[in-house]
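Here is a friendly look at a few residues and their surroundings. Have the viewer ready, and let us go through them one at a time.

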Amino acid sequence: MDNNVSRRRLLKGMAYTSAVAAANAMLPGTAFAQRAELMDQDDQFQWKKTPCRFCGVGCGLLVGISHGKAVAVKGDPASPVNKGLCCVKGYHSVQALYGSDRLKKAMVRKNGKLEEVPIKEALDLVALKMQQTIKQHGKDSVSLYGSGQWTIPDGYVASKFMKAGIGTNNLEANARLCMASAVTGFLTSFGADEPMGCYDDIDHANVFILWGNNMAEMHPILFSRMLDRRLKDPSVKIISMETRTTRTGEAADKQILFLPQADLAIANAIAHELLKEDKVDKSFLDKHVSFKSGKTKIEGHATIGYGLEDGYKFTDEAKPSDLEAYRDFLDDYTPEAVAKYTGVSADDLRYLAHLYGSKKTKVMSLWCMGMNQHTRGTWINNLVYNLHLLTGKISTPGNSPFSLTGQPSACGTVREVGTLTHKLPHGVVMNKQHREHAAKIWGVDPDHIPSKPTYHTVDMFRALDSGDIRFMWIQVTNPMVTMPKLKRYREASQKEGRFIVVSDIYPTPTTDIADVILPSAMWIEREGMYGNSERRTQHFDQLVEPPGEAMSDTLQLMEVARRMGYNNLFPWDDENHIEEIYKEYCLHQAGSKHGMAPYEVLKSQAGAMWPYVNGKSTQWRFNSDYDPACKPGSGFDFYGNKDHKANIWLRPFQPAPEVPDNEYPFWLCTGRVLEHWHSGSMTRRIPTLHKSVPEAYVEMSRDDAKRMNILDGEEVRLVTRRGKMNFKVKIDGRGRPVDGQVFVPFFDENYLINELTLDSYCPISKQPDYKKCSVRIEKI
Ligand SMILES: Nc1nc2c(c(=O)[nH]1)N[C@H]1C(S)=C(S)[C@@H](COP(=O)(O)OP(=O)(O)OC[C@H]3O[C@@H](n4cnc5c(=O)[nH]c(N)nc54)[C@H](O)[C@@H]3O)O[C@H]1N2
Ligand SMILES: Nc1nc2c(c(=O)[nH]1)N[C@H]1C(S)=C(S)[C@@H](COP(=O)(O)OP(=O)(O)OC[C@H]3O[C@@H](n4cnc5c(=O)[nH]c(N)nc54)[C@H](O)[C@@H]3O)O[C@H]1N2
Ligand code: SF4
Ligand SMILES: [Mo]
């Protein structure tokens with residue numbers, strides 16, 4: 001039986017095994033209470049702190065260790081993030097260490113078959129292959145594709161290896177699929193990719209406006225904090241804008257359903273009303289805002305600039321603008337005009353404007369993938385910032401445009417350490433001073449770091465297809481489940497003359513295509529740090545031993561780099577290398593504006609927020625009352641931009657690149673569920689979580705199903721321009737799409753929904769849109 005089939009069978013079987021085994025292996029909630037006594041008798045039992053392995057909320061956990069095993073989990077009461085709470089994934093997280101098919105040995109493909117080899121041998125081969133490929137095809141023919149689930153030291157070593165060692169910018173991470181539009185949104189509006197608010201905003205805001213994110217399932221602990229805030233003050237309002245009914249919408253005071261992609265027009269309609277009703281903060285605008293315009297009119301379903309054609313280069317030049325031009329621009333966005341194509345009534349648009357504009361409200365806007373996975377992801381980020389800038393509701397407690405991150409270290413590792421083609425640990429490769437700064441710390445010639453970015457994620461896989469890239473090392477990400485338009489990229493990886501290395505903890509569809517598999521030490525099997533959505537860096541010690549020959553991703557990278565002759569770049573001994581790496585990384589960020597918390601501080605407490613200056617975390621940026629980098633007494637200082645002002649952007653509505661038509665009449669949206677983590681490789685090996693959602697499905701509206709004579713549970717075929725696949729229909733489940741739309745979660749490798757999705761991306765951020773394409777539903 002090949003690996004593939006046996007893995008699928010294992011995962012299927014696990015859904016039906018008893019959850020009792022799970023309850024015994026770890027101790028959430030009541031089970032914990034029953035076992036507390038036993039723990040008292042266990043003189044080896046110890047609680048140790050760590051951030052949660054899963055989402056970007058970054059809850060502090062206490063993991064119970066006994067006889068070398070992680071056996072219990074509870075929320076850390078000392079963590080300001082979750083204050084002792086934890087969600088179902090957090091409670092079950094340690095079980096992800098103990099799946100029966102953990103990778104314990106390295107494997108190398110010989111004559112088409114993967115065979116176990118000692119890890120040293122596999123690392124030798126990886127180094128040799130990289131060297132040979134570089135020799136034959138040049139430095140830009142090898143690449144490293146990492147993750148927002150990399151620890152900070154993993155990311156730092158990756159960057160140093162690729163940019164300072166080999167001298168290529170072929171370094172990307174899956175956060176390109178996740179946070180890239182948030183990054184370019186920050187860069188274009190504020191001149192710096194640096195979030196301004198923090199979770200304590202939740203305790204101060206009295207209006208929460210969600211722009212298409214399902215917090216009840218994806219950021220559950222922050223969602224609980226928001227509900228708790230409303231319990232304490234019943235005048236608090238939660239408004240959930242969404243394209244389908246979710247648990248979040250159900251718990252909100254008001255749900256506003258809108259059509260996919262319509263958020264651009266909705267934001268402009270709100271701005272229109274704020275100006276028309278004179279609800280703007282004139283003095284804030286005068287002192288702290290510049291107006292900018294790029295393209296202001298786009299007709300029809302333009303595909304140019306969507307990245308539909310390979311190699312297309314898009315520029316979106318900024319021109320100075322002003323309030324009057326902005327007012328004129330917004331003429332097209334009256335609530336009545338916008339109501340016609342967004343599905344949102346003019347009254348609701350006015351209500352939203354009232355909430356943003358009222359003197360009495362402190363508004364927190366929250367968003368995640370609905371806005372970032374968008375072919376105009378950068379624009380919609382800009383447009384929501386516009387609303388906070390117009391009203392001056394920004395960078396003060398409770399007035400907060402808040403871009404939520406998804407992965408545990410999307411912010412910490414990918415954005416701060418800069419594991420993207422254009423980035424450096426501080427700054428960008430295009431900037432000479434930034435290159436010099438990095439080169440000095442790295443001890444290399446600044447010219448050794450190439451000044452041009454190479455490939456963003458989708459392009460990197462396209463380059464694998466074209467042959468410009470010949471070698472790819474994939475760590476802590478499962479692209480053969482999670483890339484859009486998957487078939488094209490799987491076929492690319494299998495072409496003659498390509499060499500793929502995959503570091504993972506379990507067999508996955510990505511290890512299936514590997515030439516070398518390296519078994520990794522996961523989370524608390526090694527030391528590391530993550531950085532969460534509120535700029536909080538959190539440290540964890542190694543608490544248990546990794547299985548077999550599994551080795552941390554940091555060490556794997558260093559071992560290969562050393563074999564390639566870059567010993568001088570990685571001088572640290574294995575004993576305390578994480579501390580040394582973190583200390584070197586801090587040199588890049590040092591200064592009055594940045595500054596990371598010292599290693600010792602991170603070891604001793606449940607995290608600290610950067611900029612960490614003079615022994616203090618900074619909670620609110622760009623506000624001189626809180627942020628030491630602001631000019632004292634300035635009130636607000638948006639120092640990321642040269643003029644120290646934030647930008648309001650004139651950005652038009654533009655339709656999605658693929659919209660339903662006669663042939664493909666439905667919208668297809670994809671996303672997540674509470675119990676599963678992305679490709680499911682970890683959560684599907686946790687029996688309780690697997691059992692609760694054992695299989696992917698397609699959610700349909702009751703009316704559509706009735707009209708098409710489809711029953712709940714019946715199998716249908718979904719067909720897009722890229723592929724087809726059968727799913728069982730779910731009607732009135734946890735999520736309920738509106739008529740004309742369907743939703744499929746992507747956690748189940750037996751139903752690779754990404755065979756059907758579209759790989760169009762935002763031309764500025766290069767982040768693909770997994771949230772919309774058109775699909776046909778066939779009865780079978
Ligand atoms: N349980 C769990 N939690 C997770 C994760 C997980 O895998 N499992 N992953 C983490 C990660 S990495 C991420 S990125 C986050 C994702 O967190 P979310 O973004 O909250 O979740 P998704 O399910 O990806 O997105 C679903 C939402 O997209 C919205 N949407 C669809 N089309 C549009 C549109 O055109 N515009 C707008 N504005 N909204 C639209 C819908 O309203 C829907 O609620 O979750 C994080 N948390
Ligand atoms: N259709 C659709 N696709 C999507 C999205 C969507 O909304 N819809 N969302 C996109 C987004 S926002 C994201 S963030 C991506 C996520 O996409 P991926 O990162 O590809 O998904 P994960 O399942 O998180 O993959 C992490 C892998 O790392 C492994 N792993 C766990 N711990 C370790 C470790 O310590 N070391 C190593 N080496 N491996 C480890 C896991 O077993 C798993 O295989 O998916 C993207 N794809
Ligand atoms: S909310 Fe996120 S960080 Fe917190 S316990 Fe759940 S998965 Fe972990
Ligand atoms: Mo993500």
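Let us begin with His 204: beyond the residues within four places in sequence, His 204 is in contact with Arg 229, Lys 362, Pro 397, Gly 398 and Trp 620. The model you see is a predicted one. His 204 itself belongs to helix 8, which covers residues 201–204.

| Residue | Relative accessible area | Class |
|---|---|---|
| His 204 | 34% | partly exposed |
| Thr 554 | 0% | buried |
| Phe 746 | 10% | buried |

Thr 554 counts as buried because its relative accessible area is 0%, and the cut-off for buried is under 20%. You will find Thr 554 in helix 25, residues 553–563. Which side chain makes a polar contact with that of Thr 554? The partner is Asp 154, at 2.4 Å. Asp 154 is also among the residues in contact with Thr 554 once neighbours within four places in sequence are set aside, together with Thr 151, Pro 153, Val 157, Arg 526, His 577, Ile 578 and Ile 581.

Finally, Phe 746 carries a "binding site" annotation in an unreviewed UniProt entry. Phe 746 is located in the loop that runs between strand 30 (741–745) and strand 31 (773–779). Not counting residues up to four places away in sequence, Phe 746 touches Val 481, Thr 482, Gly 671, Arg 672, His 678, Ser 679 and Ile 753.

Methods
Residues are numbered from 1 along each chain as its sequence is written. Chains are lettered from A and ligands numbered from 1 in the order in which they are written. This is a predicted model: local features need pLDDT of at least 70, side-chain atom pairs count only at pLDDT 80 or more; totals for chains, interfaces and linings use all residues. Side-chain values use heavy atoms; hydrogens and water are left out. Helices (H or I, at least four residues) and strands (E, at least two) are DSSP runs, numbered from the N terminus. Buried means under 20% relative accessible area, exposed over 50%, partly exposed in between (1.4 Å probe, protein chains only). A polar contact is a pair of N or O atoms within 3.5 Å; within protein, one must be able to donate a hydrogen and the other to accept it, and residues adjacent in sequence count only if both atoms are side-chain atoms. Contact means heavy atoms within 4.5 Å. UniProt positions are given in the numbering used here, feature names are shortened, and annotations may be inferred rather than shown by experiment.
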